[in-house]
Amino acid sequence: AVAEGPASTRSLLQCREDCADDVFAEVRRRVLELPEQPEYGNTLKEQLWRALDAVPGARSARVLLRREDMRFAQSLNAASPGVRLSFEEGGFSLGGLAFECAEKGRTIDLSFDAALEDLEGRFSEITGFSLEGADGQ
(Lines give C-alpha, C1' and ligand atoms only; values in the text may rest on other atoms or scores of the structure.)
Protein backbone atom coordinates (compact mmCIF):
# COMPACT_ATOMS: atom_id res chain seq x y z
CA ALA A 1 0.00 0.00 0.00
CA VAL A 2 1.15 3.51 -0.81
CA ALA A 3 0.87 6.07 1.96
CA GLU A 4 -1.20 9.09 1.10
CA GLY A 5 -2.08 12.36 2.78
CA PRO A 6 -0.25 15.32 4.27
CA ALA A 7 2.33 13.23 6.15
CA SER A 8 3.48 11.40 3.03
CA THR A 9 3.53 14.65 1.05
CA ARG A 10 5.74 16.23 3.73
CA SER A 11 7.96 13.15 3.68
CA LEU A 12 8.30 13.31 -0.11
CA LEU A 13 9.06 17.04 -0.03
CA GLN A 14 11.65 16.47 2.71
CA CYS A 15 13.25 13.72 0.61
CA ARG A 16 13.38 16.03 -2.41
CA GLU A 17 14.88 18.82 -0.33
CA ASP A 18 17.46 16.43 1.16
CA CYS A 19 18.40 15.35 -2.38
CA ALA A 20 18.74 18.98 -3.47
CA ASP A 21 20.94 19.67 -0.42
CA ASP A 22 23.15 16.70 -1.35
CA VAL A 23 23.46 17.86 -4.96
CA PHE A 24 24.49 21.39 -3.98
CA ALA A 25 26.93 20.11 -1.36
CA GLU A 26 28.58 18.05 -4.13
CA VAL A 27 28.55 20.99 -6.56
CA ARG A 28 30.16 23.21 -3.91
CA ARG A 29 32.80 20.53 -3.18
CA ARG A 30 33.69 20.33 -6.88
CA VAL A 31 33.79 24.12 -7.24
CA LEU A 32 36.20 24.27 -4.27
CA GLU A 33 38.49 21.78 -6.07
CA LEU A 34 38.58 23.73 -9.37
CA PRO A 35 41.34 26.20 -8.42
CA GLU A 36 43.57 23.24 -7.50
CA GLN A 37 43.31 21.76 -11.02
CA PRO A 38 46.15 22.28 -13.54
CA GLU A 39 43.76 23.84 -16.08
CA TYR A 40 42.59 26.57 -13.66
CA GLY A 41 44.93 29.18 -15.18
CA ASN A 42 43.37 28.53 -18.60
CA THR A 43 39.90 28.78 -17.06
CA LEU A 44 40.77 32.28 -15.80
CA LYS A 45 42.07 33.26 -19.27
CA GLU A 46 38.84 32.04 -20.89
CA GLN A 47 36.84 34.04 -18.35
CA LEU A 48 38.90 37.13 -19.12
CA TRP A 49 38.31 36.68 -22.86
CA ARG A 50 34.55 36.28 -22.25
CA ALA A 51 34.57 39.52 -20.26
CA LEU A 52 36.57 41.33 -22.95
CA ASP A 53 34.16 40.08 -25.64
CA ALA A 54 31.27 41.49 -23.59
CA VAL A 55 32.93 44.93 -23.43
CA PRO A 56 34.16 45.65 -26.97
CA GLY A 57 36.54 48.56 -27.30
CA ALA A 58 37.71 48.46 -23.68
CA ARG A 59 41.15 50.05 -23.38
CA SER A 60 41.60 49.50 -19.66
CA ALA A 61 39.96 47.46 -16.95
CA ARG A 62 40.36 46.25 -13.41
CA VAL A 63 40.45 42.48 -12.83
CA LEU A 64 39.50 41.19 -9.41
CA LEU A 65 40.98 37.88 -8.29
CA ARG A 66 41.28 35.95 -5.05
CA ARG A 67 44.52 36.70 -3.19
CA GLU A 68 45.83 33.22 -4.00
CA ASP A 69 45.06 33.74 -7.71
CA MET A 70 47.17 36.89 -8.04
CA ARG A 71 49.95 34.58 -9.31
CA PHE A 72 47.99 34.42 -12.60
CA ALA A 73 48.01 38.21 -13.13
CA GLN A 74 51.03 38.21 -15.44
CA SER A 75 49.66 35.49 -17.75
CA LEU A 76 46.23 37.16 -17.79
CA ASN A 77 47.85 40.46 -18.67
CA ALA A 78 49.76 38.78 -21.51
CA ALA A 79 46.50 37.21 -22.75
CA SER A 80 44.90 40.61 -23.34
CA PRO A 81 47.20 42.70 -25.56
CA GLY A 82 45.89 46.18 -26.21
CA VAL A 83 43.98 46.37 -22.93
CA ARG A 84 45.67 47.86 -19.88
CA LEU A 85 44.71 45.70 -16.91
CA SER A 86 45.17 46.34 -13.23
CA PHE A 87 44.70 43.55 -10.70
CA GLU A 88 43.19 43.74 -7.23
CA GLU A 89 41.90 41.35 -4.65
CA GLY A 90 38.17 40.65 -5.03
CA GLY A 91 35.65 40.01 -2.28
CA PHE A 92 35.01 36.39 -3.24
CA SER A 93 36.54 33.13 -2.07
CA LEU A 94 35.77 30.25 -4.46
CA GLY A 95 37.69 31.40 -7.53
CA GLY A 96 37.10 32.87 -10.95
CA LEU A 97 37.34 36.58 -11.63
CA ALA A 98 35.38 39.80 -11.88
CA PHE A 99 36.05 42.40 -14.58
CA GLU A 100 35.38 46.11 -14.13
CA CYS A 101 35.60 48.54 -17.04
CA ALA A 102 34.99 52.07 -15.74
CA GLU A 103 35.23 53.67 -19.22
CA LYS A 104 32.31 51.53 -20.45
CA GLY A 105 30.50 51.45 -17.10
CA ARG A 106 30.44 47.65 -17.02
CA THR A 107 31.14 45.08 -14.33
CA ILE A 108 31.11 41.41 -15.19
CA ASP A 109 31.19 39.01 -12.26
CA LEU A 110 32.47 35.63 -13.38
CA SER A 111 33.47 34.54 -9.88
CA PHE A 112 32.56 31.00 -8.89
CA ASP A 113 30.83 32.48 -5.83
CA ALA A 114 28.41 34.44 -8.03
CA ALA A 115 27.83 31.44 -10.31
CA LEU A 116 27.03 29.14 -7.40
CA GLU A 117 24.73 31.74 -5.82
CA ASP A 118 22.95 32.21 -9.15
CA LEU A 119 22.54 28.47 -9.60
CA GLU A 120 21.14 28.07 -6.09
CA GLY A 121 18.77 31.00 -6.66
CA ARG A 122 17.47 29.59 -9.93
CA PHE A 123 17.03 26.17 -8.37
CA SER A 124 15.03 27.66 -5.50
CA GLU A 125 12.94 29.69 -7.95
CA ILE A 126 12.09 26.62 -10.03
CA THR A 127 11.49 24.15 -7.20
CA GLY A 128 10.40 26.38 -4.34
CA PHE A 129 13.13 24.84 -2.16
CA SER A 130 15.40 27.09 -0.18
CA LEU A 131 18.98 25.88 0.01
CA GLU A 132 19.96 28.18 2.85
CA GLY A 133 22.24 26.24 5.15
CA ALA A 134 22.50 23.35 2.69
CA ASP A 135 26.22 23.92 2.24
CA GLY A 136 27.00 24.46 5.90
CA GLN A 137 27.11 28.26 5.47
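**A residue, a loop and a helix pair**

Tutor: Arg 84 is exposed, with a relative accessible area of 60%. Please note that the model is predicted.

Student: Where is Arg 84 found?

Tutor: Arg 84 belongs to strand S2, which covers residues 84–89.

Student: Which residues does Arg 84 touch, leaving out those up to four places away in sequence?

Tutor: Arg 84 touches Arg 59, Ser 60 and Ala 61. Arg 59 lies 25 residues from Arg 84 in sequence, with 6.1 Å between their C-alpha atoms.

Student: Now Ser 111: buried or exposed?

Tutor: Ser 111 is buried, because its relative accessible area is 2% and the cut-off for buried is under 20%. Ser 111 sits in the loop between strand S4 (106–109) and H4.

Student: What is in contact with Ser 111, beyond its neighbours within four places in sequence?

Tutor: Ser 111 is in contact with Phe 92, Gly 95, Gly 96 and Leu 97.

Student: Next, the helices. At what angle do H1 and H4 pack?

Tutor: Helix H1 (residues 6–33) and helix H4 (residues 112–127) pack at about 165°, and their axes are 11 Å apart. The two helices are therefore roughly antiparallel, as the angle is over 145 degrees.

Student: Which residues make the contact?

Tutor: H1 contributes Ala 20, Phe 24, Val 27, Arg 28 and Val 31, while H4 contributes Phe 112, Leu 116, Leu 119, Glu 120 and Phe 123. Of the residues in this contact between H1 and H4, 8 are nonpolar, none are polar and 2 are charged.

How values were computed: Residues numbered from 1 in each chain as written. Predicted model: local features only at pLDDT ≥ 70, side-chain atom pairs only at ≥ 80, totals over all residues. Heavy atoms only, no water. Axes fitted to C-alpha atoms, helices over the stretch in contact; angles between N-to-C directions. Helix = DSSP H or I, 4+ residues; strand = E, 2+ residues; numbered from the N terminus. Parallel < 35°, antiparallel > 145°, perpendicular 65-115°, else oblique. Contact = heavy atoms within 4.5 Å. Nonpolar A, V, L, I, M, F, W, Y, C, P; charged D, E, K, R; others polar. Buried < 20%, exposed > 50% of the residue type's maximum accessible area, 1.4 Å probe, protein only.
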